[in-house]
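Today I'm looking up how two chains meet, and then what sits around one ligand.

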Amino acid sequence: MTKTISRRDFLKISAAGAGALALGQMLPAKVAQAARAAGHINAEGDGFVHSMCEMCVWRCGLIAKVVDGRVVKLDGNPEHPHSRGNLCPRGQSGLMNTYDPDRVLTPLIRVGKRGEGKFRQASWEEALDLVASKMTEIKNKYGAEAMVFSSTHNLSQPLFENLLYAFGSPNYGTQRSLCFNAMIVANTMTYGMEEPGRIYDDKLKYILLTGRNLLEAISTSETHDLITAIDRGAKVVYLDPRYTKTASKATEWLPIKPGNDLAFHLALLNIIIGEKLYNRSFVEKNTIGFDELKKEVARYTPEWASPLTGIPAETITRIAHEFADAAPHALAHNGWRTSNFVNSFHTQRAITILNALMGNWGVVLTEAGSEESGALGAPPQPAYPRISALRLDGVPWKYPVVPFKIGVFQELRDNIVKGDPYNAHGWFISRQNPIQSLPDRGKTIEAFGKLDFIVTVDIVLNDTAWFSDVVLPEASYLERYDPLLPVGDKVFLRQPVIEPQGEAKSALWIYKQLGERLGLGDYFQYEDEEDYIRQQLKPLGVTLEDVKAKGYAEAPEAAHGGESGELTWNTPSGKIELFSDTLAKVGFSGVPTWDEPPQPAEGQFFLLTGKIATSTQFGTQNNQLLHKYSEEPRMWMNAQTAAELGLATDDWVEVTSEVGQIHTQLLATQAIRPDCVYMTPGYGHLSKGLKTAYGVGASDSAVHVTYTDPISGGQALSQTFVTVKKA
Amino acid sequence: MTEIKHHAYLFDATRCIDCRACMVACSVENNIDMDKTRIWVAGLGITGTFPDLQRGTMVYHCMHCEHPDCMSACPVGAYTKAEDGPVTYNPDLCIGCRYCMNACPFGVPHFDYDKGIIDGAFIDKCTFCPQRIYNGQEPACVQTCPTDALEYGDRDELIAKAHERIAAHPDKYIQHVYGEHENGGTSYLIISHVPFADLGLPDLPETPVNEVSEKVMAMTIPFALSWGAVLSGVAAGVNLYNKNKEEAEKKAEETK
Amino acid sequence: MKLDITLPKFLRIGILPSVLIALMGIAFVTAMARYAFGIGAISDLSYSYPWGFWISFDLFTGVVISSGGFLMAGLVYILGIKEFQPLLRPSVLTAFLGYIMVAIALLVDLGQPLRIWYMMIHWNHTSVLLEIGICVMLYLTVLAIEFAPVVLESFPKLHNIAHLIHKFIMPFVILGVVLSTLHQSSLGSLLLIQPTKLHPLWWTPILPIMFFTSAISVGMAMIILESSLSSRYFQRGLETHLLEKIAKGLPIALGVYALLKFGELAVAGELDLLFTSGIMSVLFWAEILIGVVTPIVWFSIQKNRTSNNALLTGAIIVLVGMILNRFNVSWFAVKHPDPLFYMPTFMGNVDYFPTFPEVAVSIGIFAAGIMAFGLIAKYFPVFEDELPAAAHAGD
Ligand SMILES: Nc1nc2c(c(=O)[nH]1)N[C@H]1C(S)=C(S)[C@@H](COP(=O)(O)OP(=O)(O)OC[C@H]3O[C@@H](n4cnc5c(=O)[nH]c(N)nc54)[C@H](O)[C@@H]3O)O[C@H]1N2
Ligand SMILES: Nc1nc2c(c(=O)[nH]1)N[C@H]1C(S)=C(S)[C@@H](COP(=O)(O)OP(=O)(O)OC[C@H]3O[C@@H](n4cnc5c(=O)[nH]c(N)nc54)[C@H](O)[C@@H]3O)O[C@H]1N2
Ligand code: SF4
Ligand code: SF4
Ligand code: SF4
Ligand code: SF4
Ligand code: SF4
Ligand SMILES: [Mo]
């Protein structure tokens, strides 16, 4: 596109730091005893081990090649439905996360001021004792609720939850309100399930993607499915203010005005219902609340939606017709991180309802297998103590329809700052980087400042660990066991490919050790990691050794759906709820309704965020391989707009929002609406413990303003408006 | 997998999402230095004006030419073209002259500019992953590709497949399989929705670029011999003439 | 008070030699850095520009300006034009030193300098570069033999060997001319493999012939240049009557070359490129106007052929134009495939511009050449046309 002199210089500098070594020259030798015992690895330390990727939440199956006791290559496991033999760039680079020279390999205890990054190494004994005593102290002084827990989706999360529920805290922050709360809550309110599975079969003809950038925010198998569908000639309509790589492959790209997807979808519903294009028998049999819906959407004509969305009325009408013609082989994709505006819940409901109206259930949508397979066993454990304290995140008193185990993370953070309804004193974080992933980074650091004690479980000194009092090093995903993962009719195993480096330990081990020190040993009734998995496998009658060899075991899928062929849903009415009484009862609109999103003032831009293929969130920028193949992060601005402002590519600009200001370089491009700018998340790290990533790019979280969708509790990331001027 | 008589790749630019998994895979598989690569994504340009935009992506590595120019050019014969496709390079022979880099019309071979004489500066380029393809695996870049934009197989079969795809979607593809004939044929075949030039591929004739220089080289020895003969003849003639002249002069003097 | 900066006598060296030594020193240090840290550490060469200033200057220019040697040897020995004898030795010496400089430069440019001799045992017979390598190595030997008598004559005990060489010089001279013809033209063949990279104003299948023809003109110009310069430096008389003859031949040689150049473009139907290729057209015309047209006119004027200064000026004009040609062919008009819109930027430059150290290496080697010429000319009978040994036999 453009010459990037600065990038070159920047790489020269970073290359000097990293050295021009090949990967192989960096790997310390370590023989994996478990893999050797299982016969995967021969006496020379060579062999292949089946396991699972953890570079993102998709968890593809992998086959690790080991030479001399070192992982030298990862390939996709063809038998795993999430990878089908392929790995995305992050998965390919996974061994560099494990061999990252910046790995934390012993427990660390802070010695300097918070955020100064001064730690001393400690033994596990000392670190765990310290954590347990601090937690106990907080519990005794202020109650268990003064201890906040948070973690992002991962396989050992059930044990993490064990720890917090047994400890007795109601305060649990997950990534979901930062990610896809709007989608999950909308699906739950409509279908009674978090997220239906999507079927990309040969008949799929039409796909409507609302901001789901599947070709960059990769889920290996679904990304492959989408490309194959396009190749086959399926029509893909993609809504995004940016010309992403998905946009470039879509049949039709609609650069919609941010926040107005709701108007677009309401208009689709208007046509489909008004012109009776829906599947009448399906709607009659399986849904409730059609009349209320019909009444509501009658006013949302394409002509009405056109000025809001920036999409011509005829286009909206045409798409409604095309979609209806293709139905039931037409899919309106919910999207994942569609928490773009405070109206996103209604957007998600509209998408979900569009599918329901077309009767594409069982054709392009299906009940997804849960990650918690009923077929698996688990160690025995006592019931959790009753918790009476209010939750800091306002669930359910402020967010009545947000499920408990999902929560509203950003609100939790805000209330730590406010001390409302009470003060929190400690924070236990695992596998998460809230300093970066929550909007308004300054506020998160402020919240940290209110706390007596912060402990983080991570594999590197991420920004959150950098601000913590104790850092507990987890073994990386290539070095540890995790609980089994059910996918379809199989359960897959993550097993160590190499021994943990340094003193790193698995989460299963860490939580058990802590549990025991907190007097909660009964909640962790397993000898070690292998014992935990054996107990999981017990009902299946398979031995761990068998699973180790293949990497998976057959497990009959828990039966779901009505046997009689009658479809039933886990909603209060047992039907698909086009109108939701639950919503109406707590004062929200029972049907999707128009909710005007705020507009940037003159001279302001929508600040968009969105994934790139070569990094995951805020945790992989220090991976040298990914770093090597990523472009220098720059803020996108429409080329004409930039020219009008006298800005050019590579110029340094000052970006200001209500809550923060950053400096970053500009990329003037055609690939974005003139009223938007875009930043890649995950840069501008604060931690100097990330030697590769530190100093690269700027953080969008530092300028994101915290807005929360009142219904789903999802953060509204595109609702941040910024001004941009030459720095 | 069917038996492969002639190893080849097929790259379908319409499927490639520029994710760079292939690049990472190659670097890991082949233990490439952190500041180098054997494969790169080219042509990431977005063309057009908002909102009528187009984007083409090309994944670039050695084309494994049927008549490799790198091999033709290398003075010490460090390159080898295997009968079943791969073009490989032998660092033990290389003197580091970088003529192969000049010769390759695709700019494929790379050189260790960062190595002194102690480490030894060598050429590097895609090898076709012999350690994998001769052990029943696909090349690392191909195997990982999440979209199957890169495929691997027998050259004839892939050519047939490429033509089938183009025929099935004539509206989508440019009607040409790049590499079927370019530069005398390559083992990396490319189909695309944007002009090949936009992907950065050179416009090459069907004859390999080394054709003329190889012809000239073949004439060297005969030319040298004849030229030597001519010069000797002239020298002898001149010598004789001069001698005669001298003698004549001497005689003339004597007779004077 | 006046500072006394007078040096002891043995340390006193002239200004020119001290400058030369300084330049050599800089080049030496730079070359050491290159050996320690790699070519990239001191040059701007990259994946897109594998060959740069060194190849254009040290190899392409270095070889062509050494063409006086074979030209003189051919004139004197083969065509038996004995009157040129006085120009023979300096020409052979220049050529000899020229090729040694090429070899030294290559030792800097090659990735594996210690393997330069691999070319003698590993032969890829389709490689033009191999042909050049072998020819240059053999030709260096021939030049050494041709020049050896000059050195040997200074040592009375070795006179016999000198005489022996003299006696059997003919086959070597013929071999030398053949080798020179081959590699002078092959430098052009080197670019035959770049039909897609070298601009069509220059790329032609007859590049080798072009190179040979132009090498002859350059050889003539070099003989003029060197004689004038050394006559000035060593304060001896200029063989103006000889140089005049050469100057007379130059327009003819250049005319043939010009015919080839334009004839080829006409035959290839590429004459339009002369005016439509932007900067490339400019470069082409520059080399033609400077290196061909101007000197043809210049040397056609009788007055210019007899004036020492005009001879020197004319020779320099030819050289500038022809050297520009070598730079054009090997660098300015070569377009490597763009590393495109995206290539990991750590992989190198999109644009090439020689760095200071790169140029310093070449200049240092050049300085060494001049220095060597001076020293040899000072201590050995380079400018004597008769065996000096005979003259001094009685000493
Ligand atoms: N490579 C890679 N893959 C990933 C991840 C990763 O970090 N890296 N993360 C995984 C996770 S956790 C998730 S949740 C998914 C997320 O995957 P996606 O749901 O695709 O989420 P994003 O990439 O965050 O954002 C998608 C697009 O939304 C656009 N957008 C912003 N505002 C609006 C708007 O108002 N309307 C519309 N229509 N579009 C808008 C942005 O321009 C962006 O291109 O990706 C998963 N896959
Ligand atoms: N500005 C902006 N904000 C966003 C988003 C965005 O696109 N832009 N996306 C949102 C979305 S979709 C999500 S899902 C959230 C994600 O938010 P987070 O979950 O907070 O972010 P991650 O980067 O996934 O954090 C993963 C952490 O786990 C660490 N880690 C990696 N491997 C291991 C391991 O094996 N063990 C342990 N213990 N730790 C490990 C990493 O070092 C990293 O610190 O962010 C949200 N926030
Ligand atoms: S999508 Fe990529 S990062 Fe995520 S699990 Fe699969 S291979 Fe790993
Ligand atoms: S692409 Fe270049 S390096 Fe590869 S075989 Fe062809 S000429 Fe040789
Ligand atoms: S750099 Fe090495 S491989 Fe390339 S042409 Fe020269 S000797 Fe051959
Ligand atoms: S075939 Fe092998 S060496 Fe060549 S680019 Fe692919 S992975 Fe790299
Ligand atoms: S892995 Fe496949 S899709 Fe990704 S850049 Fe490479 S060829 Fe393209
Ligand atoms: Mo997410």
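This is a predicted model: local features need pLDDT of at least 70, side-chain atom pairs count only at pLDDT 80 or more; totals for chains, interfaces and linings use all residues.

I started with a term: a salt bridge is a side-chain nitrogen of Lys or Arg within 4 Å of a carboxyl oxygen of Asp or Glu. Across the interface of chain B and chain C, that rule finds one. I looked up who makes the pair: the side chains of B:Arg98 and C:Asp109, at 2.7 Å, N to O.

Residues are numbered from 1 along each chain as its sequence is written, chains are lettered from A and ligands numbered from 1 in the order in which they are written, and side-chain values use heavy atoms, with hydrogens and water left out.

Next, the whole interface. I found 69 residues of chain B in contact (heavy atoms within 4.5 Å) with 61 residues of chain C. Together the two chains bury about 5300 Å², with 66% of it on carbon and sulfur atoms. Buried area is the accessible area (1.4 Å probe) that two parts lose on being put together, summed over both.

Last stop, ligand 7. Which residues come nearest to it? Of the 13 around it (a heavy atom within 4 Å), I wrote down B:Cys16, B:Cys19, B:Arg20, B:Cys22 and B:Cys145.
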